Amino acid sequence: MVRLLERLGHTVDFPMEQTCCGQMHYNTGYQEETIPLVRRFVDVFDHAEAIVAPSASCVGMVKEFYPKVADLTGEDKLIQKVDEIIPRVYELSQFLVDKLGVEDVGAYYPHRVTYHPTCHSLRMLKVGDAPLKLLRNVKGIDLVELPAAEECCGFGGTFAIKNADTSMAMLGDKIRHIKDTEAEVCAAGDNSCLMHIGGALKRQRGGVETVHLAEILASTEDENGEMDHE
Amino acid sequence: MSKRSKHQRTPTFEESAEGYLSNTQLRRNIGHATHTIRDKRAGVVAEMPDWEKLREAGAKLKQRTMRHLDKYLVQLEESVQQAGGQVHWARDADEANRIILDLVKAKQVEEVVKVKSITTDEIGLNKALAGEGIQALETDLAELIVQLAEDEPSHILVPAIHKNRAEIRELFREKLGNRELSDKPEELAEAARIYLRRKFLSAEVGISGGNFAVAETGTVSVVESEGNGRMCTTLPNTLISVLGIEKIIPTWRDFEVFMQLLPRSATAERMNPYNSFWTGVEDGDGPQEFHLVLLDNGRTKVLADEMGRQTLHCIRCSACLNVCPVYERTGGHAYHSVYPGPIGAILTPQLKGLDDPSAASLPYASSLCGACYEVCPVKINIPEVLVHLRGEIVKKKEKEGSLREKMDPEHVAMKWMGRTFRKRSRYERAQKVARSGQKLFTHDGTISKLPGELSKWTAMRDLKPIPKQTFREWWKTRS
Amino acid sequence: MSSAKQEILDRIQNALKDIPPDEKPDDITVDRSYRTTSDDDQDILVNRFAQRVGEYKATVQRVSQSDVLQTIKDSCKREKVQQLVIPPGLAKELYPNELDLLKDTHEVQLTHHQLDDADGVLTTCALAVAETGTIILDAGEGQGRRALTLLPDYHLCVVYEDQIVGIFPEAIRHFEEKMQTKAPPMTLISGPSATSDIELNRVEGVHGPRRLEVLIVEE
């Protein structure tokens, strides 16, 4: 994602002080635990013009739930800081298409790809078809529609462990739909879904790779390999 | 946490799910049914240019109602009484059953006819009546099936969805005494019709629930397809209707909102076949004695929770059930409650309380995908309430939990991670430790086996190990 | 006041401690800018109504004023109706006098069994809604008490074109004043009885009239 944004001419900074958005805690019922993380976030990113994350679920957490966490503290200053920072937080595809007005990022990715719209990007952030617009403009790509795309992959955070049986039943159908497309690659904007889907594909020796949307968009003709970092 | 053995207490969702997931008949039936209704619903909703405005109005009307529930209930009672009906108040299920029993016994009958009412299931009315030798005959076709099979409903709207026609044929052959019956739906329906018509013509007491009760006019409504609702609320001389206190709406005019939201959300129709509206008693037309039983049974507890209060807005359409990826695979019985699916996952724990382990497992029976919120006609933010209830469960554990509960692996992990994420140095160190530690579990670049709770992941999925160079380490090399 | 009532009201008041004491119900504003009237011409509405009722598997016919009676007679013949229930106040011009007419009156009401044995019932209606294909009965003249349109297996309903409104809110508002004062029992019929419980196949007819026929009369 860094390479992509720099290629588009932007200055990218990664404040090392950041840790985690706290979504896992919030959603599992440990809302109190997220309070220090919210404080941290507003401090660390205080001066940023735009805060971009390749994760609809993290961005969703910040935009939808940080105000609620701030309310828990009752501290007006924190509530205000959260309100001020939220408009500057973007999910990657929203940032590119809606904020920068860019749909062609000059990428090259000669593979058959199907796109899974994660629940957070679809329903919470409502990114719409921004990711698809971006993917369609990738040179060399063979983009195929995923049947029943809007159905949840079954990750759901701790749900995948706590209710593993049901999670797997959902994942089974998602995998089936992916395989029906005969794609080599399943792309998505959330690493959580990718980890879930990829984990099962690997176990089943499914012959399909999971790749983050950002990796595809960052790929160019001179190097279209995979970037091996978080 | 209950000390009773697993076999004595109601199972949790996690415990039940696997069994139901393996029931192929169930998976086929419910999968087919939910997908069919889901698609139909989308079609009829797409026809409505003002759907979102109606949803918003519905949400606001219910909000208005709940915030002033006492005023509206008092107004409702007055309106019903002025129209010649009687109103009874029941604090809990036992009280409601006692009231109804007394009313029925006063009529000296051994059988009453009933319209489907989840509220009466909630209070266990049929059992209470049976205990005093009074048979409550279910007249809704699916409920009749469930009753004859001595089973439990598994869906709010289509309770017998877990049975196929061959099973139903056998049931009717045996219980209705019709040996020649085929399994054609028309013949099955005809057999039920004949059997029930005899009952309708002679019944003296009818019992129903109600979809809405209008405070302004005292009008109660029943929304249905088959006509048994009309039969039970028109033919007997005495009618008893049981409604949860949350069923109330302020004025007659508000029907213009709810009666557009409900049929499209429930059965994916522009309008269902029959809607009956009656107010008190009408001389020479229908029951000459009408009793409205208003039921609390935990609803005031839900009302007291500012965040959970919106749960009471539910108009029982079941649209959420039909889009839920969990419900479509496990079916309703896995929830062990009269209210299954997404709405059940928030209503049941609030009504029953979090001391009940089965009820307390329900807020976790969700991947928080949000499909339910999208379709809820009154905009109940179900995912928000689920997360809120999880928070309540955690708080309860911290306050009242035994040491054993606090040592629960998830609890320990969450607490530890919370600490770790608070400081950059701890976070980075944890990454490094995890990366070293994972060497034990990594083979050929993949982790296929993890211990403890995490084994639930690796039982069915692989896991990519943390890369040799984390993003942070890469970032540092750039400068 | 019963103790149960008092206790429930107390519980509610306690539960609503967070609501400002001076807040009135109407302070929670409800935006009613959803559709409340229909812009379509009457003939479009009539067509739509005819189509939508037909979709529910009711029999629909459009007739002129002068042909109504004959159509009623023909329909009864087709449906093999010999005993026809007539509600109080139904216009005598609509009576098919060749048939055995069972007249329900306020003084002498037909029994449940008589209604059950009858072959059909003939009524007018109070209003109809095009968008949803709904017929509305308010137990008034020409419609009768509720049991009349419930027990016979065939319901023949005469709807005059100018009784058809476009969308549902128009119907609700039409009856608003009546419901605030008299509040008669209301029955809304959108097709014949139906069920789809067994494997979601739509099976027509279980308890209410399994055959519904609507005659739309042109003025």
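Reader: Among contacts in chain A between residues at least 6 apart in sequence, what share joins residues at least 24 apart?

Author: Keep in mind that this is a predicted model. Chain A has 12 helices and 6 strands. Of its contacts between residues at least 6 apart in sequence, those joining residues at least 24 apart make up 76%.

Reader: Why does chain A count as being as compact as a globular protein of its length?

Author: Let's go by the radius of gyration. For 230 residues the globule rule gives 17 Å. Chain A comes out close to that, so it is as compact as a globular protein of that length, with a radius of gyration of 18 Å.

Reader: And how much of chain A is buried?

Author: The C-alpha trace spans about 55 × 45 × 30 Å along its principal axes. Of the 230 residues in chain A, the buried ones make up 52%.

Reader: On to chains B and C: which element of chain C gives the most to the side that touches chain B?

Author: The contact involves 67 residues of chain C and 73 residues of chain B. Several elements of chain C supply at least two residues each to that side, including α4 (112–117), α5 (168–174) and β9 (186–189). With 10 residues, the one that gives the most is α1(C).

Reader: Which residue in β9(C) is the bridge partner of Ser276(B)?

Author: Start with the strands: β9 of chain B (residues 274–279) pairs with β9(C) in the antiparallel sense, over 4 bridges. The bridge partner of Ser276(B) in β9(C) is Thr187(C).

Reader: In chain B, what is the handedness of the crossing between α3(B) and α12(B)?

Author: The axes of α3 (residues 51–67) and α12 (residues 255–266) of chain B come within 9 Å and cross at roughly 115°. Residues that meet there include Leu54(B) and Leu61(B) from α3(B), and Val257(B) and Phe258(B) from α12(B). By class, that contact has 6 nonpolar, 2 polar and 1 charged residues. As for handedness, the crossing is left-handed.

Reader: Is Lys449(B) buried, exposed or partly exposed?

Author: Lys449(B) sits in the loop between β12 (446–447) and α23 (455–458) of chain B. Beyond its neighbours within four places in sequence, Lys449(B) is in contact with Phe441(B) and Thr458(B). A residue is buried at 20 or more C-beta neighbours within 10 Å and exposed at 12 or fewer. Lys449(B) has 14 inside 10 Å, so it counts as partly exposed.

Conventions: Residues numbered from 1 in each chain as written. Chains lettered and ligands numbered in written order. Predicted model: local features only at pLDDT ≥ 70, side-chain atom pairs only at ≥ 80, totals over all residues. Contact = placed C-beta atoms within 7 Å. Pairing = 2+ DSSP bridges. Axes fitted to C-alpha atoms, helices over the stretch in contact; angles between N-to-C directions. Left-handed = near helix turned anticlockwise from the far one by under 90°. Nonpolar A, V, L, I, M, F, W, Y, C, P; charged D, E, K, R; others polar. Rg over C-alpha atoms; globule rule 2.2 N^0.38 Å.
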